[in-house]
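Okay, thanks for coming, everyone. Let me put the model up on the screen and we'll walk through it piece by piece.

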Amino acid sequence: KGIIYYQVSLNKWQTIYTSDLDELNHIGLGLNSKAIGFNFDQPHTLVAGVTGSGKSQAVNTIIYSLAASHSPEQLKFLMIDPHNELSEFDNVAHLLMPIAHNDDEIKVVLEKIGQVFIERKEKNIRDDYRLILVIDETNSIIRNPIYDTRILEVIATESRKFGINLLICASDTRKDALGNLPRSLSNKFIGYVPNARESAYITGY
C-alpha cells in the first residue's frame, strides 16, 4: 500500500501579542486559539521551512520564552549563528559563551557542547543546568566539511537524560540536507516547504 501526500497552502496570518498568552512558556496560538506551550517533553526541536516562512520568528520566540521562564542558573544557551540572525541575543544573561558567527567560533562551540556531554555522561550528571544548543541555518553547518557535526546526532540520541537539548533551524528540507537528524528531533515546527514529499520527510509522516 502506498502513501498519498497532500500539499495545502495557507495564506491566512494572524498577529499574536504577548498579552494573548497566559504563561511565559507559551509561544503562540494554535487551533481554536489554544495556547501552544514549549517544554522539554520532546527534548529536541526542529524549526524548518523555506525562506520567509517564519523560521527566525519562531526560533526567536522560543528563545525569548525559555529565557523568560528560566533563570540563567537553570538554563544556558550555546548559539551558532553564521548569518547573524540571532544578534539580538548577544547580551542575554543565559549565554554560556558568546554567540558563534565565524568558522573558528563555530568550531569552539561544537567542541564545547561535546565536552559538556562527555563530562555529564562520564560522571552521570543529571541535575545541572539545562544546556540548549541553538543552530541557525543548520544546513550550511552540516554541509561544511571543516566542521565535525557528528556530535549533533550523538546529542540527539543520547543526551536527554543529561539535560542537553538541540534547537535546530533549517531552510533546506530535502532528504539529503539533514541526513537522519530529523528522526531524533521530535518537537517540530514546520512552516512552508516546497512540496509534499519534503514535508513527509521533514515531519516524519
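Let's start with helix α2, where the buried residues are Ile106, Val109, Leu110, Ile113, Gly114, Val116, Phe117 and Arg120. They span an arc of only 155° around the axis, so they sit on the same side of α2. That arc is taken from the directions running from the helix axis to the C-beta atoms. By buried I mean under 20% relative accessible area, by exposed over 50%, and partly exposed is in between, using a 1.4 Å probe and protein chains only.

Before I go on, a word on where this comes from: it's a predicted model, local features need pLDDT of at least 70, side-chain atom pairs count only at pLDDT 80 or more, and totals for chains, interfaces and linings use all residues. Residues are numbered from 1 along each chain as its sequence is written, and side-chain values use heavy atoms, with hydrogens and water left out.

Back to α2. On the face turned away from the buried side you'll find the exposed residues Asp104, Glu122 and Lys123. What do the buried residues of α2 pack against? That would be β4 (75-80), β5, α3 (138-143), α4 (150-158) and β6. Contact, by the way, is heavy atoms within 4.5 Å. Helices here are DSSP runs of H or I with at least four residues, strands are runs of E with at least two, and both are numbered from the N terminus.

The helix covers residues 103-123, so 21 residues, and goes 30 Å from first C-alpha to last, close to the 30 Å expected at 1.5 Å a residue. The expected span is 1.5 Å times one less than the number of residues. At its start, a side-chain oxygen of Asn102 comes to within 3.2 Å of the backbone nitrogen of Asp104. After the helix comes Asn124, with a positive phi near 55°.

Which strands pair with it? β3 (residues 45-48) does, parallel, over four bridges, and Ala48 has Ala170 as its bridge partner. β5 (residues 130-135) is parallel to β6 too, over five bridges, with Val134 bridged to Leu167. Pairing here needs at least two DSSP bridges between the strands.

Next, α6, residues 196-203. Ala196, Glu198, Ala200, Tyr201 and Ile202 are buried there, and their cover includes β3, α5 (181-184) and β7 (187-190). At the start of α6, a side-chain oxygen of Asn195 reaches to within 3.1 Å of the backbone nitrogen of Arg197. Just after the helix, Gly204 has a positive phi of about 85°.

One residue I'd like you to look at is Asn60, in helix α1 (residues 55-69). It's buried, at 13% relative accessible area. Its side chain makes a polar contact of 3.1 Å with that of Glu88. Beyond neighbours within four places in sequence, Asn60 touches Glu85, Leu86, Glu88 and Phe89.

Finally, the whole chain: six helices and seven strands, with 41% of the 205 residues buried. Among contacts between residues at least 6 apart in sequence, 69% join residues at least 24 apart. Okay, that's my tour.

How values were computed. Polar contact = N/O pair within 3.5 Å; in protein donor to acceptor, adjacent residues only side chain to side chain.
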